[in-house]
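This report describes a single protein chain.

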Amino acid sequence: MAQISEIKKRINSVKDIKQMTRAMQLISAVKMRRARQLLERTLPFFTLCAETIVELDEMGIDFESRFFTLRQKKKGETWKIGYFILTGDQGLAGAYNLNVLNTTEKHIQFKTVDNIQKGLNTTVKLYVAGKIGKERLERNGFAVVEDFEYPINAPTYFRARDISDYILDLYARGELDLVYFIYTKMESAITMKPFVTRVLPVNPKAMAELIPPEMQGLNRGIQATAEVEFSPSVEAVVEYLINTYMNAMVYGVLTEAYASEQTARMTAMDNATKSSEDMLYKLTLMNNQARQAQITNDISEIVGGAEVLGQESAQEKQRAYEQMEGE
C-alpha cells in the first residue's frame, strides 16, 4: 500500500505541474500573438528608415556626421565598446536567455582578442535589459552598468525613445566608441536565433542586411542616379535621420526580443505540458501495475489462508475419525 500511496502523490504533483504549465502556455500564446502583431506594425517604419539611409549611401552622399564615422585608433589606444543586451525578466523559456548570454560572451571574447592582435586595448560596458541576464553576467565578472534597468515587457515607443537618447548621449560624449545590440531575432514563426548588430557608428552597407527580404525595395523613393535637394541641408536631414533611425532601431529590437521571448516560453511550456502527459501515463501505468500486484497478492494470501484452514479442518476430521475408531 505504501508504494501505491507514493505513486498517487506523484500523480497529483504532476497534475498540478501540468495545470501550471498549460496555463503559462496559454498566457504566453496570447502575449506572443500581441507581440507579433506589434512587430508586424513596426517593420514598415523600421524598414523605411533603414532604406532611406541605404538609398542616401547608394547616391554617394558623404555622411560627415559623427554618428556615421568610425573613429580611428592607434596602437596602445583603447576601444570603448558598449553592448545593449536584451534578456528576459523571467525564466521557464527554454534556452532563450542562455543563448543570448553565450552569444554575448563569445562576441566580447572575439573583439578583445581581435584588438589585442592589432595592438589595441578594449574596455567593455554591458547595458542589460532583463534581470535574468544581468544577474548571470554580474556573477561571471562582467562590467554591468548598474543604473541601466529596463524590463522587457510590452515595449512602448516612449521607452524606446528614452533608451535611444541615452545611447546617442553616451556615444556623443565619447564614453563609447562602438555600440552593439545583442538580442533574439525571429527568423520564422518557430525559429529564433541570437543576433549581434552594430548600431553606432551607423554602417549603411550593413543596414541592408537588417531589411527583411520580402520588404526590400518596397519603399524605394529615390533612384541611384537622381538629383535630390536636401532642405534645409544634408547635415540637418542626416541629423534627423539618425534620431529617427535610433528610435526605430531600439523599438524594433525591443519588440522582436519580446516576441521571441514569448514564443520561446510558449514552446517550452508546450513541451513541459507534453512531458507531464507522458509522465502521467507512465505513473498511471505504474499505479495500475502496483494495484494489480496488490490485488494478486491479496488473492494469493486469501487462497493460501483458505488452504491452511482446509488442511487444519481435514486434520481435525482425521483426528476425530481416529478417536471414534479407538472407542
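A residue is called buried when its relative accessible area is under 20%, exposed when that area is over 50%, and partly exposed in between, with a 1.4 Å probe and protein chains only. Ala 95 has a relative accessible area of 37% and is therefore partly exposed. Ala 95 lies in the loop between β1 and α2. Its C-alpha atom is 9.4 Å from that of Arg 265, although 170 residues separate the two along the chain.

The model is predicted: local features need pLDDT of at least 70, side-chain atom pairs count only at pLDDT 80 or more, and totals for chains, interfaces and linings use all residues. Residues are numbered from 1 along each chain as its sequence is written, and side-chain values use heavy atoms, with hydrogens and water left out.

**Overall fold**

The protein chain has six helices and four strands; helices (H or I, at least four residues) and strands (E, at least two) are DSSP runs numbered from the N terminus. Read from the N terminus, the order of elements is α-β-α-β-α-α-β-β-α-α. Of the 327 residues, 39% are buried. Among contacts (heavy atoms within 4.5 Å) with a separation of 6 or more, 77% join residues 24 or more positions apart. The accessible surface, from the Shrake-Rupley method with a 1.4 Å probe, comes to about 18,700 Å², and carbon and sulfur atoms hold 53% of that surface.

**Helix α3**

Helix α3 spans residues 131-139, and its buried residues include Gly 133, Lys 134, Arg 136 and Leu 137. The cover over the buried residues of α3 includes β1, α2 (96-117) and β2 (121-129). After α3 comes Gly 141, with a positive phi near 90 degrees.

**The cavity**

A cavity is a set of points, on a 1 Å grid over the protein atoms alone, where a 1.4 Å probe fits but cannot get out; lining residues have an atom within 4 Å of a point. The structure holds one cavity of 30 Å³ or more. The largest cavity has a volume of about 80 Å³, where volume is the space filled by probe spheres set on the points. Its lining includes Phe 84, Ala 129, Phe 148, Phe 181 and Val 250. Two or more lining residues come from each of β1 (78-86) and α6 (234-326). The lining has 11 nonpolar residues, no polar and no charged ones; Ala, Val, Leu, Ile, Met, Phe, Trp, Tyr, Cys and Pro count as nonpolar, Asp, Glu, Lys and Arg as charged, and the others, Gly among them, as polar.

**Aromatic pairs**

Rings of Phe, Tyr and Trp (its six-membered ring) pair if their centres lie within 6.5 Å; planes under 30 degrees apart count as stacked, over 60 as edge-to-face and the rest as tilted. The count comes to nine aromatic pairs. Two that involve Phe 84 are tabulated below.

| Pair | Centre separation | Plane angle | Class |
|---|---|---|---|
| Phe 84 and Tyr 127 | 4.5 Å | 10 degrees | stacked |
| Phe 84 and Phe 148 | 5.5 Å | 80 degrees | edge-to-face |

Both pairs link distant parts of the chain. Phe 84 in strand β1 and Tyr 127 in strand β2 are 43 residues apart, and both are buried. Phe 148, in the loop between α3 and α4 (157-172), is 64 residues from Phe 84; Phe 84 and Phe 148 are both buried. Ring pairs join Phe 84, Tyr 127, Phe 148, Tyr 166 and Phe 181 into a cluster.

Note on methods: On a 1 Å grid over the protein atoms alone, a cavity is a set of points where a 1.4 Å probe fits but cannot get out, and a pocket is an open set with protein on both sides within 12 Å along at least five of seven lines; lining residues have an atom within 4 Å of a point.
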